[in-house]
Amino acid sequence: MSKVSFSSDDHKFMSQALRLAKKGIYTTAPNPNVGCVLVKDGEVVGEGWHEKAGEAHAEINALKQAGSKAEGATAYVTLEPCCHQGKTPPCSNALIKAKVKRVVAAMIDPHSKVAGKGLKQLELAGILVEHGLLEDQAIELNLGFIKRMQKRLPYVRCKLAMSLDGRTAMASSESKWITSAAARDDVQRLRARSSAILTGVGTVLADDPSMTVRIDGVDIQPLRVVVDTHLSMPTTSKMLKEKGQTVLMTCSTDEHITQALEDAGADIHTMPYCNTSVDLTSVLQQLSDMHVNDVLLETGATLSGAMLQAGLIDELIIYMAPVLMGNEARGLFALPGLDTMQDKIELDIIDQRSVGSDIRITAKVKSLNLEQH
């Protein structure tokens, strides 16, 4: 296999495969989003994407569409074809059987059962194999899957809504609504692409949120996860009545409260302590073990600040409304110990755009000096 210089047609067809992969963004978890385009004599003869976990992979859908025209074709696939038996047969075997001539993969699959083995199998079968085309775009499409495979942690996005002066709620706790209806609709799409929504019990007690996706045509609900150190969540909470699963991460061993919450519909996981609260790294590792790729953090300043200082947030998505809420209102994060400019937490802003009357800022969190913070 090799990394080579690719032609303009190669770029065009891989871009098409990436667009196809995005079609599965709400339905493929815990699997990655993958697209495939089969091209012969400069013409597309088959295309497909992984539409839903447990169903056919992108390559199989493209091969089915191409039929006998797949022989001698080039397969452009956004992720290395799998070579192991899971819920579906290996895609590498299907490509070999179809007698494709060339396979171009955007990136190597980080799954330990693949990790280059799929491309090697194709190469040994006499197929020309190349990889690395539009690799960065392919990585961005599957940040959660990649991180879970490599680090046993999900990718964490922290969603925040704030005023122009950086406030998230009035001193009275009133916060509905800082942002526009368009921004709130955008958040629904963020929820829909997430495997889990994570919040703290303080948010549950203050707002009693449902934490559900409300988009026509999207039926899969993310896992709802509450960090609840002492099992303070009421059995009457809205999210316990919603479709889907609600998980409580706790340090409590109170059998009576545990039974009452389980009877109300909660799934309770006992976590180790870290100081006086749930160990947050253990929470994310547990979610990874539950095949959660992407976590959307929707919570107050205390939990979001703790996760940020622990180096557990990868990305911030901030909706900034054109309003001022005053110096008595609540801030974005509780971040004790930031006393000098040397202590500041640095961000890389990767996107800014208007959403209704608001501005959505997307920023990656740079590596923190965890010894210092």
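I began with strands β4 (residues 102-105) and β5 (residues 128-131), which run parallel and are joined by 4 bridges. I noted the terms at once: strands (E, at least two residues) and helices (H or I, at least four residues) are DSSP runs numbered from the N terminus, and two strands pair if DSSP finds at least two bridges between them. The model is predicted, so I kept its limits in view: local features need pLDDT of at least 70, side-chain atom pairs count only at pLDDT 80 or more, and totals for chains, interfaces and linings use all residues. Residues are numbered from 1 along each chain as its sequence is written, and side-chain values use heavy atoms, with hydrogens and water left out.

**Entry 1. The strands around β4**

I then followed the chain between the two strands: β4, helix α4 (residues 117-124) and β5 form a right-handed β-α-β unit. Right-handed here means that, with the strands pointing away from the viewer, the path from the first strand over the helix to the second runs clockwise.

I turned next to β3 and found that β3 and β4 pair in the parallel sense over 4 bridges. In that pairing, Thr74 stands opposite Arg102 in β4. With β1, β3 runs antiparallel, and 4 bridges join the two. There I recorded Cys36 opposite Val77 in β3.

I also checked the faces of β3 (residues 74-77), and both are covered: Thr74 and Tyr76 on one side, and Ala75 and Val77 on the other, are all buried. The term buried means under 20% relative accessible area, exposed means over 50%, and partly exposed lies in between (1.4 Å probe, protein chains only).

I located Leu122 in helix α4. Leu122 counts as buried because its relative accessibility is 0%. For contacts I used heavy atoms within 4.5 Å. Not counting residues up to four places away in sequence, Leu122 touches Pro81, Ser92, Leu95, Ile96, Val103, Ile127 and Val129.

I found Met249 in strand β10 (residues 246-250). Met249 is at 0% relative accessibility and therefore counts as buried. Leaving out residues up to four places away in sequence, the contacts of Met249 include Val225, Val226, Val227, His269, Met271 and Leu287. The C-alpha atoms of Met249 and Pro322 are separated by 36 Å, and the two residues are 73 apart along the chain.

**Entry 2. The loop between α1 and β1**

I examined Thr28, which lies in the loop between α1 (8-21) and β1 (35-40). Is Thr28 buried or exposed? Thr28 is buried, because its relative accessible area is 1%. Beyond residues up to four places away in sequence, Thr28 touches Asn33, His50, Glu51, Lys52 and Ala53.

Pro30 is found in the loop between α1 and β1. I noted a cis peptide bond between Ala29 and Pro30, with omega about 10 degrees.

**Entry 3. Positive phi angles**

I recorded a positive phi of about 55 degrees at Arg152, although this residue is not a glycine. Arg152 sits in the loop between α6 (143-151) and β6. Its relative accessibility is 40%, so Arg152 counts as partly exposed.

Asp208, not a glycine, has a positive phi of about 45 degrees. I placed Asp208 in the loop between α8 and β9 (223-227). With a relative accessible area of 26%, Asp208 is partly exposed.

**Entry 4. The largest pocket**

I looked up the largest pocket, whose volume is about 1,500 Å³. Of the 49 residues that line this pocket, Thr203, Asp207, Glu298, Thr299 and Gly300 are the closest to its centre. A pocket here is an open set of points on a 1 Å grid over the protein atoms alone, where a 1.4 Å probe fits, with protein on both sides within 12 Å along at least five of seven lines; lining residues have an atom within 4 Å of a point. Grid points are joined across faces, edges and corners, and the volume is the space filled by probe spheres set on them.

Among the elements that give two or more residues to the lining are β6 (155-162), α8 (201-207) and α11 (301-309). I asked which element gives the most to the lining. Helix α7 does, with 6 residues.

By class, I recorded 21 nonpolar, 16 polar and 12 charged residues in the lining. Ala, Val, Leu, Ile, Met, Phe, Trp, Tyr, Cys and Pro count as nonpolar, Asp, Glu, Lys and Arg as charged, and the others, Gly among them, as polar.
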